[in-house]
Amino acid sequence: MPDTAPAAQAPGDDEDPMAERVAEWAEVFDQAYARGTGAREADFNIVSWNSSYTGEPLPAEEMREWVDGTVERILALRPRRVLEIGCGTGLLLSRIAPHCESYHGTDISSAALDFVRTRLLAERPDLAGVTLSHRAADESAGLDEEPYDVVILNSVAQYFPDGAYLRKVLGQALDSLTGDGAVFVGDLRNLALLDTFHTDVELSRATAKLPVGRLRGRIARRTRQEQELLVHPAFFTTLREDRPAIGASTYSSAGAATTTN
Ligand SMILES: C[S@@+](CC[C@H](N)C(=O)[O-])C[C@H]1O[C@@H](n2cnc3c(N)ncnc32)[C@H](O)[C@@H]1O
């Protein structure tokens, strides 16, 4: 998560507020990634991953454990033809694509795609099956002729403008799958834990002398100023009702894998 978010702005009359919001996030990520072009390890560019508690970069060893865990869960789905929406600097792509026939990575940030192209694809013959496209998540329909067996949406949905956008993206993802394919949704922020999360962050920053009233005020302000999309787990129950083709959903704190059959 970058250390800044787009400032809330009123869209102009002829602007689509959803597209505007997506464009604002693209700018935020372009700026964040511009600081990481010289990353020492091309397959481990963690430039925009900052702690919500301290605002500081997340420790590399924690990131490595998290990336490895996510990759292991996705590889367990035995992917062969993959679409990753919001592939960023290729933390997952560089580890999963070598096991696949084809891997299509998309992102709204041209800085992210430039990094993957120049620092990963140009250097790594085992990434020959990778294709990149500069496009927003809700424009994934018809990207490839053949269906995917896994669509990855990891740590991306929090930058979507609203739930309807997420629903559209998931709908397109489900439509692009083989009969037994899976959509892997990872690192989602849980709406049911919004207060708990901000309370924990503010408690970690508070001194023992901070009056409870002021602590409550800080938590309320943080909650009011939240810029990212959080999703209630019930969203997926409803999704399954709307899309009966979804055969199974498994949830954990690290993500949800939704499969069709
Ligand atoms: C935190 S990074 C995650 C990268 C990668 N999926 C991973 O797990 O390492 C989020 C990425 O999503 C991209 N992104 C944000 N909103 C998007 C949207 N509406 N459509 C496509 N990509 C988006 C950003 O540009 C950024 O590169």
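**Figure 1. The protein chain as a whole.** Buried residues account for 33% of the 261 residues in the protein chain. Keep in mind, as you look around, that this is a predicted model. The secondary structure comprises eight helices and seven strands. With a radius of gyration of 19 Å, close to the 18 Å that the globule rule gives for 261 residues, the protein chain is as compact as a globular protein of that length. Along the principal axes, its C-alpha atoms fill a box of roughly 60 × 45 × 45 Å. Of the contacts between residues at least 6 apart in sequence, 67% join residues at least 24 apart.

Figure 2. Domain 1 covers 17-189 + 228-260, and domain 2 covers 191-224. Their C-alpha centres are 30 Å apart. Six residues from domain 1 and five residues from domain 2 make up the contact. On the domain 1 side, four of the touching residues are nonpolar, two are polar and none is charged.

**Figure 3. Inside the largest nonpolar core.** This core holds 54 residues, and Val116, Val151, Ile152 and Leu153 have the most contacts inside it. Elements giving two or more residues to the core include helix H1 (17-34), helix H4 (110-121), strand S4 (148-154) and strand S5 (177-186). Zoom in on leucine 153 and you will find it touching Ile85, Gly86, Ala173, Val183, Phe184 and Val185, leaving aside residues up to four places away in sequence.

**Figure 4. Two loop residues with positive phi.** Let us take arginine 78 and serine 155 in turn. Arginine 78 is not a glycine, yet its phi is positive, at about 55°. The loop that holds arginine 78 runs between helix H2 (60-75) and S1. Is arginine 78 buried or exposed? Arginine 78 has 11 C-beta neighbours inside 10 Å, so it counts as exposed. Serine 155, also a residue other than glycine, has a positive phi near 60°. Serine 155 sits in the loop between S4 and H5. With 21 C-beta neighbours inside 10 Å, serine 155 counts as buried, because the threshold for burial is 20 or more.

How values were computed
Residues are numbered from 1 along each chain as its sequence is written. This is a predicted model: local features need pLDDT of at least 70, side-chain atom pairs count only at pLDDT 80 or more; totals for chains, interfaces and linings use all residues. A nonpolar core is a set of buried Ala, Val, Leu, Ile, Met, Phe, Trp, Tyr and Cys residues joined through C-beta atoms within 7 Å. A residue is buried if 20 or more other C-beta atoms lie within 10 Å of its own, exposed if 12 or fewer, and partly exposed in between; C-beta atoms are placed from the backbone. Helices (H or I, at least four residues) and strands (E, at least two) are DSSP runs, numbered from the N terminus. Two residues are in contact if their C-beta atoms, placed from the backbone, lie within 7 Å. The radius of gyration is taken over C-alpha atoms; the globule rule is 2.2 Å times the number of residues to the power 0.38. Domain bounds come from an automatic or database domain assignment. Ala, Val, Leu, Ile, Met, Phe, Trp, Tyr, Cys and Pro count as nonpolar, Asp, Glu, Lys and Arg as charged, and the others, Gly among them, as polar.
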